[in-house]
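Work through the exercises below with the sequence and the coordinates at hand, trying each task before reading its solution.

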Amino acid sequence: MNKPTYVQDYQAIVDVLNKYNEGSKQAKSSIMKPAFSEQATMFSIDGDGKLTGGPIQGLFDGIDNAFRPSPEAQGGIVNVDIVGTAASARVDTNDVSGFCFTDFFNLLKVEGKWTVVSKIFHTHVAP
């Protein structure tokens, strides 16, 4: 078997991030869950400048219970950096119910599969 190339790894990471994007677009955590490790975390800085977050289940609960994306919402992968079995990526989403999101993902390749292990996000008002 040949060693995977960064092109193959890049495409695999894009596929993982697209699960997240599609789940966000449809407001269904069941679509995005396969992208995340069960031990994944999510963090942000609140309005008071304090760190907030915890287990990724908080994201899934929010998506399923309160998240209503705008039909005009657009998102895309801005960059992906890969070093061996670790990667980081940035996804920007515009105009989701009046807000924009910048998400930073950390991924690990475990047993040949890329998975998100942490998500850090920044929320700002849509222009």
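**Exercise 1: the largest pocket**

The largest pocket holds about 480 Å³ of space. The model is a predicted one, in which local features need pLDDT of at least 70 and side-chain atom pairs count only at pLDDT 80 or more, while totals for chains, interfaces and linings use all residues. Residues are numbered from 1 along each chain as its sequence is written, and side-chain values use heavy atoms, with hydrogens and water left out.

Task: state which elements supply the lining of the largest pocket, and how that lining divides by class.

Solution. Begin with the terms: on a 1 Å grid over the protein atoms alone, where a 1.4 Å probe is used, a cavity is a set of points where the probe fits but cannot get out, whereas a pocket is an open set with protein on both sides within 12 Å along at least five of seven lines, and lining residues have an atom within 4 Å of a point. Grid points are joined across faces, edges and corners, and the volume is the space filled by probe spheres set on the points. Helices (H or I, at least four residues) and strands (E, at least two) are DSSP runs, numbered from the N terminus.

Next, list the residues: the lining has 22 of them, and Y20, S24, I63, F67 and F101 lie nearest the centre of the pocket. Then assign them to elements: helix 1 (6-26), helix 3 (57-65), strand 3 (74-83), strand 4 (86-96), strand 5 (99-110) and strand 6 (113-125) each supply at least two lining residues, and helix 1 gives the most, with 6 residues. Finally, sort by class, where Ala, Val, Leu, Ile, Met, Phe, Trp, Tyr, Cys and Pro count as nonpolar, Asp, Glu, Lys and Arg as charged, and the others, Gly among them, as polar; the lining then has 11 nonpolar, 7 polar and 4 charged residues.

**Exercise 2: the nonpolar core**

Task: find which residues have the most contacts inside the largest nonpolar core, and describe the surroundings of F36.

Solution. A nonpolar core is a set of buried Ala, Val, Leu, Ile, Met, Phe, Trp, Tyr and Cys residues joined through side-chain atoms within 4.5 Å, and buried means under 20% relative accessible area, exposed over 50%, and partly exposed in between (1.4 Å probe, protein chains only). The largest such core has 24 residues, and I13, F36, L59, F105 and L107 have the most contacts inside it. Helix 1, strand 1, helix 3, strand 3, strand 4, strand 5 and strand 6 each supply at least two residues of this core, with the largest share, 4 residues, coming from helix 1. For F36, take contact to mean heavy atoms within 4.5 Å; leaving aside neighbours within four places in sequence, F36 is in contact with Y20, I56, L59, F60, F105, T115 and V116.

**Exercise 3: strand 1 and strand 2**

Task: describe how strand 1 and strand 2 pair, and decide whether K50 and S44 are buried or exposed.

Solution. Two strands pair if DSSP finds at least two bridges between them; strand 1 (residues 36-45) and strand 2 (residues 51-55) run antiparallel and are joined by 5 bridges. Within this pairing, F43 stands opposite G53 in strand 2. The hairpin has 5 residues between its strands, and G49 takes a positive phi near 80° there.

K50 is placed in the loop between strand 1 and strand 2 and is exposed, with a relative accessible area of 53%. S44, in strand 1, is buried at 9%. Leaving aside neighbours within four places in sequence, S44 is in contact with K50, L51, T52 and F121.
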